[in-house]
Amino acid sequence: MRGAILYGPYDVRVEQRPDPTIIEPTDAIIRLSATCVCGSDLWPYRGLEPVTGPTPMGHEYVGIVEEVGRAVTKIKSGQFVVGSFWASDNTCPICQAGYQSRCVHAVPIGSIGTQAQFARIPLADGTLVATPDLPPDDLIPSLLAASDVLGTGWFASDAAAVGPGKTVGVVGDGAVGLLGVLAAKQLGAERIIAMSRHEARQRLARAFGATDIVTERGDAGVARIKDLTDGLGAHSVIEAVGTQESMLQAIRSTRPGGHVGFVGVSHGVELPGEELFFAEVHLFGGPAPVRRFLPKLIDLIYSQQINPGKVFDLELPLEQAAEGYRAMDERRAIKALLRL
Ligand SMILES: [Zn+2]
């Protein structure tokens, strides 16, 4: 099969890779209908996460089940499925509590690499959710978004305790931040302040439900949020970047008693204890347990209540994956969908 491999900084190639086979009896093999490049793929792409040798890339996926192992009972060949970027059994106490991304048997799908024609999905019965039928082509981008960026934005909103009557701030205008806006709208937020300096992303944020746009960053951005909230700060703030600046911006934009939901993969973030003590905000985040939200998200997509697939503003054949990485690295594209 064909698949994307990262050789080193700025060096992605689509090459021949071995076809995956069933290894564990709980595995399924899927034929991908579409895959994509994630903002988090840019960390190793830019050399900010070390890569030791050629690495298969990708952890977002939707597709049709080709084959299942003998211990798989719920998922069947021929079904169209969506899964998250952590394989999980969905039965252990951590999964039962809704934290499937930290399942005691969790397997990172990133170690498998789904920017490819086929993928082996471990713990298929726990990980995969089948759609009601074979979806029409125009729903595939939205279902693919549910696999990670929508599920992550949704978790961020949930972690930030978004709800009716609340004012929500969103730090980060990548796909996750933008879908955090969509989630906040769905969860009933009254006011949603998106922080972005990029016109196309501001437009999409508004289309997803943002009521205000703040273009300032850092302390100036915090001051603008305070201006817009009677000097108090937002009730709920989504952090979708993962840097020291964005994390402090999120904490400082939150009113005392408010909630920060952080889902940007943390890189070099260190929190000052004394400031944190007097901030008196709830901090909660981590790798999103997307599996918890998938049935609801699939339902919202199928009933056309949401269209998260709009975050894909570039579509390329898998063979041109390298261009997808370049476009996202240079911020020419919000998110690149790779067609199979
Ligand atoms: Zn589990």
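## Contacts of Val-168

Val-168 touches Ala-160, Val-162, Ala-184, Ala-189, Ile-192, Ile-193, Ala-234, Ser-236 and Ile-238, leaving aside residues up to four places away in sequence; contact requires C-beta atoms, placed from the backbone, within 7 Å. The model is predicted: local features need pLDDT of at least 70, side-chain atom pairs count only at pLDDT 80 or more, and totals for chains, interfaces and linings use all residues. Residues are numbered from 1 along each chain as its sequence is written.

## Nonpolar core

Val-168 is among the residues that touch the most other members of the largest nonpolar core, which has 107 residues; the others are Ala-28, Ile-30, Val-170, Leu-179 and Val-181. Helix α6 supplies the largest share of this core, eight residues. Because domain 1 (2-148 + 289-339) and domain 2 (154-285) both give residues to the core, it lies between them. Such a core is a set of buried Ala, Val, Leu, Ile, Met, Phe, Trp, Tyr and Cys residues joined through C-beta atoms within 7 Å. A residue is buried if 20 or more other C-beta atoms lie within 10 Å of its own.

The C-alpha centres of the two domains lie 26 Å apart, with bounds from an automatic or database domain assignment. Their contact takes 15 residues from domain 1 and 14 residues from domain 2. On the side of domain 1 that touches domain 2, the largest share, three residues, comes from α11.

## Helix α5

In helix α5 (residues 149-159), 11 of 11 residues are buried; helices are DSSP runs (H or I, at least four residues), numbered from the N terminus. Its cover includes α4 (140-147), α6 (175-186) and α11 (290-302).

Terms used
Buried ≥ 20, exposed ≤ 12 C-beta atoms within 10 Å, placed from the backbone. Helix = DSSP H or I, 4+ residues; strand = E, 2+ residues; numbered from the N terminus. Contact = placed C-beta atoms within 7 Å.
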